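Here is a short briefing for a first look at this structure.

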Amino acid sequence: MERVPPDPEKLLQPAPLEPLGGPGAVLEAAVGEETEGTREDVSGADTMTGNNFWLKKIEISVSEAEKRTGRNAMNMQETYTAYLIETRSVEHADGQSVLTDSLWRRYSEFELLRNYLLVYYPHVVVPPLPEKRAEFVWHKLSADNMDPDFVERRRIGLENFLLRVASHPVLCRDKIFYLFLTQEGNWKETVNETGFQLKADSRLKALNATFRVKNPDKRFTELRQYSDELQSVISHLLRIRARVADRLYGVYKVHGNYGRVFSEWSAIEKEMGDGLQSAGHHMDVYASSIDDILEDEEHYADQLKEYLFYAEALRAVCRKHELMQYDLETAAQDLASKKQQCEELATGTVRTFSLKGMTTKLFGQETPEQREARIKVLEEQINEGEQQLKSKNLEGREFVKNAWADIERFKEQKNRDLKEALISYAVMQISMCKKGIQVWTNAKECFSKM
């Protein structure tokens, strides 16, 4: 029986907010009452600009790309592409126009910016960058990352990335993003000074949390599954589109043979010559039109690829939640262990096997003073552990709240964008078919006049 894929709308719909671990989690008892008050920004005030709405008065564009040659960190010569970012004030304070500011950025600098955003805003579905190397290409499309057509598509994708960040209610306020657009020199040093690399979670740690977390949140588990299936579906769609493009290109180009044959035929006919020559011309036009058609199709393919890469952004949010949940469970387990040790010392009973218990049996009991000192140390550790557990649980609640709010925003954006892209693609196919009908209609008129 064929498995029915889950409803994306249902998977992305957040359930009522609950503590990490789902309903009935044992860790809830350690939290106590929820604190109330105004939520602080997750990233901290030092990463935010003072004005929340500065981007509403600035236009952003990546206007051109330029091939350059330079030396990399290994002092080896390399060829790369630089992109010109232009920012322009929509309206100046005194109502006068302002000159456009511009600077050049490499693709690697866009990557650095996004990596920074991923670390400082783990609850945000950070917009993806366009592909570094061409994927899902059909045979006439170059896979060379220095190919002018590919560079142009990537320029459009990088501009789209900046506009995505600029329109995000949280990311648009980040100071590092603002400096990315305005500070050409020493920008990398400014980013590195934030120390975001040290705060980044290792892949090994994330993988460990995935397999060892005991009480995963069902909503994030379903979200991870949805992101995997979304990536799979879009990948299949792009592969099919590439195969169709290959065949369509061949079909159109073969029509050029009609033009050649009609032209040769017209040379040996007197009454029919003009009609055949005209029909051949229409066939040549039809054959050459496929290049522009498939170039337009690449635009829609790039829109699908953006959401192919968005799937990984969704998984990044899920991984961060798993890490927080795992840390929470580890802290709770450590606290429970210390409470048990304290109880055993107070009552003089040992419930589980331990090296300390075996040592006591072999070398005698501790003095009352030693026991009291150990109990006092454990009680201090327990008190500290309870505070840490409460803090982690509240942090986890805040993460879930912010993450689902951003996922809801992403869902609306995804539905709107993909709907528009698919409708536009269908309209383009209809237009292509109408042009084909018109070519044969014109050929028919040419034949009728013979």
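In this predicted model, Asp149, Asp292, Glu295 and Asp296 form a negative surface patch. Helix α10 supplies the largest share of that patch, three residues. Helix α10 also takes part in lining the largest cavity.

**Negative patch**
- Four residues make up the patch: Asp149, Asp292, Glu295 and Asp296.
- Helix α10 spans residues 290-347.
- Asp292 sits in helix α10.

**Cavities**
- The structure has two cavities of 30 Å³ or more.
- The largest cavity holds about 50 Å³ of space.
- Its lining includes Val213, Pro216, Asp217, Phe220 and Thr221.
- His321, Glu322 and Gln325 also line the largest cavity.

**Helices around the largest cavity**
- Helix α8 covers residues 218-266.
- Both α8 and α10 give at least two residues to the lining of the largest cavity.
- Helix α10 contributes the most to this lining, with three residues.

Technical notes:
Residues numbered from 1 in each chain as written. Predicted model: local features only at pLDDT ≥ 70, side-chain atom pairs only at ≥ 80, totals over all residues. Heavy atoms only, no water. Patch = residues over 30% accessible without salt bridge, like charges linked within 9 Å, V, L, I, M, F, W, Y side chains within 5 Å. Areas by Shrake-Rupley, 256 points an atom, 1.4 Å probe, with all protein chains shown as cover. Salt bridge = Lys/Arg side-chain N within 4 Å of Asp/Glu carboxyl O. Lys, Arg positive; Asp, Glu negative; His and termini not counted. Charge placed at Lys NZ, Arg CZ, Asp CG, Glu CD. Helix = DSSP H or I, 4+ residues; strand = E, 2+ residues; numbered from the N terminus. 1 Å grid on protein atoms, 1.4 Å probe; cavity = no way out; pocket = protein on both sides within 12 Å on 5 of 7 lines; lining within 4 Å. Points joined across faces, edges and corners; volume = space filled by probe spheres on them.
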